[in-house]
Amino acid sequence: MGANTSQVSELSDNPSLKALVGTESISENDPFWNQLISFTFISPTSSGDSKLLEEAVIPLAKLFIENNPRTGNFGALVRIFLGRTKELKISTECQDQLFIWQAHNALFMIRCLLKVFIREMSEEELHLQFSYQERAPGSCGETGSEDLLEELLSNLVHLIVEVPLLDITYSILFEAVTTLLVFFSYQLFHKDILRDGIIYQHIMKGRCLSLTSRLVKTLLYNFIRQEKCPPPSTHVFEPKAEGGLLYGLASGVASGLWSVFTLGGAGSKSGIDQEQNPLPLSNQSLLLLLVLANLTDGPDWPNPYRQAITCFRNTQDTSSLPVEPPHTFQINFNSLYTALCEQQRSDQATLLLYTLLHQNANMRTYMLSRTDMDNLVLPILEILYHVEERNSHHVYMALIILLILTEDDAFNRSIHEVVLKSVSWYTERSLTDISLGSLLILVVIRTIQFNMTRTRDKYLHTNCLAALANMSAQFRCLHQYAAQRIISLFALLSKKHNKVLEQATQSLRGRQADNTALPDYAQDLNVIEEVIRMMLEIINSCLCNSLHHNPNLVYALLYKRELFEQFRMHPSFQDIMQNLDTVIGFFSQRLELAGSDLSVERVQEVIMKGAQALPSDRLKKFPELKFKYVEEDQPEDFFIPYVWSLVFNSGVGVHWSPHGIELFSMDSG
């Protein structure tokens, strides 16, 4: 780590900082400001370094809160920053690092202070902190009509969308994105979902509104580019030894104000911070995008950022629409698709994929038209395969994505045409030459079995079974192991059904014997029978629609035929069991005619020939199994706590322990 606690603790005694937060007002024309913001460091990009810095800032910020109404120094600092940003775009084009360097340092100080301000005061009180100016004792310290808070918010958005992403601008763009996240972090200190407020009004309806589409597009491109934090020498201004005013300003604080802060950069011990978070701008941009997209609609206006996310189009789409949706724009779908495929290890990337699949019809159509869907599906399956290591909400997102994809019949057919030579992360068994469809079935069944033994979450069960049901009519050439696991799952459900039924029987007898209240197993029995019914419908759908394409499933069905005996006369399963009885009886008879002691190869040959001979009208037709994901099934504002839990755990944004909104646990559901 670049700084230790003893070094950080020196901040509270630093003369420049003491002057800033003290009782004396400092004119904006005072050379003090140039000296204050002329320091060389890199913003911390890891949780540990950020916490050290924030803990050191707290006492200074609290003193500032007390003195700022009389001095107006916070407003002066903000205006110093705004002044430096006026020439920022031109400075970037001219490769002039001075303005970029000083603007970045001023913004970093503002962000550090804002974190404490937001923790300590309401939005109205924060607004006042921006408005205070120098005043004589006894007079009012508020300014006139200028709204410095709105000016800063608007300036940050302009900075993000107008300043190009280069090595020399990386740090200030990171600060601008993170500062906006800090402004929104009021949500962390409120139990209820915030649906209004000063910051909300400025972002949703103020001067920022006209930049909605450009902001969303820029944040998406930041995610797409996945730019690593450049080496310190490329974006940290180093004063030159030959002297001059700038050298004098910078060297004057080299041993004082910020020399203890080379966190995450040149002064860090082994580049550890970059290893922990090598893509800070990409990650922060995605988090800000998700926060904006999940702001609640106003009483009489929709969320413009969600509108932008739901309607953007491909740059290759040259068609014209009769009426352009509000805040629409065009972006390179191929680049976005590639980034989504590569980044699914993170919750936020999976949540973005879900958002686009569910809400943007243009992006969903594009994804489903891709011939390399394995690049997207495999990372999602890997999330589910490592369910023990993932938080439950990441697993839910992955399952919902699969459910949305399986609503499309073309997808369900195409995944059985993609053959994988091997699957490195599937360690339970060596899988070779397996179709993507068979692998999907294996992973979903494994998730169901994990849920049955561990979490016992009905919602998770429902989504898994719905995805399998959507696919079942298009099962093709199922891998032998996939077919076995389908029947093995049914065997597990059958065993569980018998156990619960026995417990229910014993419970009834015990209640009759001693009149004591015992557990009611009726509900458990009802749930397990619903799942068994669904599994029977999935098997039946495959047999009715693609029997001749799935000899391995017929083989597994015959091998475990005794499993189905107990359900033949069960009133809940009689209708669906008719087709299974027909199939089992038909193929059993053909195997008997083929002789005894048949080899596996001979049995498979008989099955394949029999599948061609079985008349299709022998099997009763049932309604097609089709399930659609409906967002209304989620609790109201389900994603807002989820998004803020991601921000809180990101290690960069906000570290204060929240006492407001109930965040999703990252360890349990």
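Which interaction joins the side chains of Glu388 and Arg446? The two side chains meet in a salt bridge, at 3.5 Å from N to O. The model is a predicted one, and the chain in it has 31 helices and four strands.

**The chain as a whole**

- Of the 669 residues in the chain, 55% are buried.
- The chain exposes about 28,900 Å², and carbon and sulfur atoms supply 50% of this area.
- Among contacts between residues at least 6 apart in sequence, 76% join residues at least 24 apart.

**Salt bridges**

- The count of salt bridges comes to 20.
- In the pair formed by Glu388 and Arg446, the N-to-O distance is 3.5 Å. Glu388 lies in the loop between helix H21 (374-385) and helix H22 (392-406), and Arg446 lies in helix H24 (residues 436-453), so the pair ties together parts that are 58 residues apart in sequence.
- Glu388 counts as partly exposed because its relative accessibility is 42%, whereas Arg446, with a relative accessible area of 16%, is buried.
- Lys115 forms a salt bridge with Glu54, and the closest N and O atoms of the pair are 2.4 Å apart. Because Lys115 belongs to helix H7 (residues 97-120) and Glu54 to helix H4 (residues 47-71), this pair ties together parts that are 61 residues apart in sequence.
- Both partners, Lys115 and Glu54, are buried.
- Asp581 and Arg568 also meet through their side chains in a salt bridge, at 2.9 Å from N to O. Asp581 is in helix H29 (residues 574-594) and Arg568 is in the loop between helix H28 (551-559) and H29, so the parts tied together are 13 residues apart in sequence.
- Asp581 counts as partly exposed at 23% relative accessibility, and Arg568 counts as partly exposed at 29%.
- A network of salt bridges links Arg313, Asp317 and Glu324.

- Helix H17 spans residues 304-311, and its buried residues include Pro304, Tyr305, Ala308, Ile309 and Cys311.
- The cover over the buried residues of H17 includes helix H11 (198-205), helix H12 (212-225) and helix H16 (280-293). Strand S1 (313-314), helix H19 (347-359) and helix H20 (361-369) are also among the covering elements.
- Asn303 caps the N-terminal end of H17, with a side-chain oxygen 2.8 Å from the backbone nitrogen of Tyr305.

**Thr179 in helix H10**

- Thr179 is located in helix H10 (residues 170-184).
- Is Thr179 buried or exposed? Thr179 is buried, because its relative accessible area is 0% and buried means under 20%.
- Apart from residues up to four places away in sequence, Thr179 touches Leu107, Arg111, Leu114 and Leu156.

**Arg476 in a loop**

- Arg476 is placed in the loop between helix H25 (458-472) and helix H26 (480-514).
- With a relative accessibility of 24%, Arg476 counts as partly exposed.
- Beyond its neighbours within four places in sequence, Arg476 is in contact with His416, Ser546, His549 and Asn550.
- Arg476 and Ser546 are 70 residues apart along the chain, and their C-alpha atoms are separated by 7.0 Å.

Conventions:
Residues are numbered from 1 along each chain as its sequence is written. This is a predicted model: local features need pLDDT of at least 70, side-chain atom pairs count only at pLDDT 80 or more; totals for chains, interfaces and linings use all residues. Side-chain values use heavy atoms; hydrogens and water are left out. Helices (H or I, at least four residues) and strands (E, at least two) are DSSP runs, numbered from the N terminus. Buried means under 20% relative accessible area, exposed over 50%, partly exposed in between (1.4 Å probe, protein chains only). Contact means heavy atoms within 4.5 Å. A polar contact is a pair of N or O atoms within 3.5 Å; within protein, one must be able to donate a hydrogen and the other to accept it, and residues adjacent in sequence count only if both atoms are side-chain atoms. A salt bridge is a side-chain nitrogen of Lys or Arg within 4 Å of a carboxyl oxygen of Asp or Glu. Accessible areas come from the Shrake-Rupley method with a 1.4 Å probe; for residues, only the protein chains shown count as cover.
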